[in-house]
Amino acid sequence: MSLHNSPKGVLLIVGVTSLLVSVFLKKGERIKGAAFLVGWLVPGAGHFLIGQWKKGLFFLLILGATYLFGMWIAGFRPVSFDDNPFYYVGQYGSGMTFLVATLRGDEKAVVRDGIHPSWFDPGLLYVCVVGLLNLVVMLSLLDAKAVSSETAAAPAPPPAPAAGPAPAATPLPEKTA
Amino acid sequence: MNGISYLVLFFPIVLVILFVLEACRSDDPKKIVKRALANLGVLTAVLVLGGAFVYVINRWF
């Protein structure tokens, strides 16, 4: 079974990995398994899920822009297996790029009109790098702290130092004449 | 655009890679930008020096 025509195999690998992440993490961190899966589907979405929405938005924008730029160079055709098998497999790192590559994978990419042919290979590289960087972003989820659980598990502030016991007022012995 | 204009594409892709890698290990935006730009400088220097070395080797040897 070759990798380039087995989308079910890729989906199986991603699903099993997410399940394993959920099982082997601590009870409070099991949401990271779902975040792992969602982060594969859409770059940055895993960070949204654990509450780090600024970081998730950053990853979504920067990886999305890179992908669109690479696709623009390659005439809005993803990397096909015939173009470059290594770049093609690199697209499997993200569900979005994987979906586009699966749907249009047989169409050979061509360099856009008005662009020098030497830009073609870097354009394919841009598309591939998005998938590979998304794998790094997914792995960073395992190290990230979920905002919701962080606030819930925040240690209680230390109790204010109690004032020392007031010295008991001992009645002075009455002087006797 | 001439045949080596694709070298311009080196800067955006390296910046993207460095920004993403730094964002994965840090939460401070200033630190992310500072480290990414510093590493871009180092990688560009390596590229330029390597290119110069290859040019010299091919030109005179």
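Which residues does Leu124(A) touch, not counting residues up to four places away in sequence? They are Gly70(A), Ala74(A), Val79(A), Asp83(A), Asn84(A), Tyr87(A) and Ala109(A), where touching, or being in contact, means that C-beta atoms, placed from the backbone, lie within 7 Å. Keep in mind that this is a predicted model, so local features need pLDDT of at least 70 and side-chain atom pairs count only at pLDDT 80 or more, while totals for chains, interfaces and linings use all residues. Residues are numbered from 1 along each chain as its sequence is written, with chains lettered from A and ligands numbered from 1 in the order in which they are written.

**Where the chains meet**
- Chain A puts 16 residues in contact with 13 residues of chain B.
- On the chain A side, helix 4 (53–73) and helix 7 (120–143) each give two or more residues, helices being DSSP runs of H or I, at least four residues long, numbered from the N terminus.
- Helix 7 of chain A has the largest share of that side, with 8 residues.
- That side of chain A splits into 11 nonpolar, 4 polar and 1 charged (Ala, Val, Leu, Ile, Met, Phe, Trp, Tyr, Cys and Pro count as nonpolar, Asp, Glu, Lys and Arg as charged, and the others, Gly among them, as polar).

**A helix pair across the chains**
- Helix 7 of chain A and helix 1 (residues 10–25) of chain B have axes that come within 10 Å and cross at roughly 5° (axes are lines fitted to C-alpha atoms over the stretch in contact, with angles from 0 to 180 degrees between N-to-C directions).
- That makes the two helices roughly parallel, a label for angles under 35 degrees.
- The contact includes Leu125(A) and Tyr126(A) from helix 7 of chain A, plus Ile13(B) and Ile17(B) from helix 1 of chain B.
- By class, this contact has 11 nonpolar, 1 polar and no charged residues.

**The nonpolar core**
- The largest nonpolar core has 38 residues, and Leu124(A) is one of those with the most contacts inside it (such a core is a set of buried Ala, Val, Leu, Ile, Met, Phe, Trp, Tyr and Cys residues joined through C-beta atoms within 7 Å; buried means 20 or more other C-beta atoms within 10 Å, exposed 12 or fewer, and partly exposed in between).
- Helix 7 of chain A gives this core its largest share, 10 residues.

- Phe76(A) has a positive phi of about 55° although it is not a glycine.
- The mean pLDDT (the predictor's confidence in each residue, from 0 to 100) of chain A is 79.

Technical notes
Two residues are in contact if their C-beta atoms, placed from the backbone, lie within 7 Å. Angles under 35 degrees count as roughly parallel, over 145 as roughly antiparallel, 65 to 115 as roughly perpendicular and the rest as oblique.
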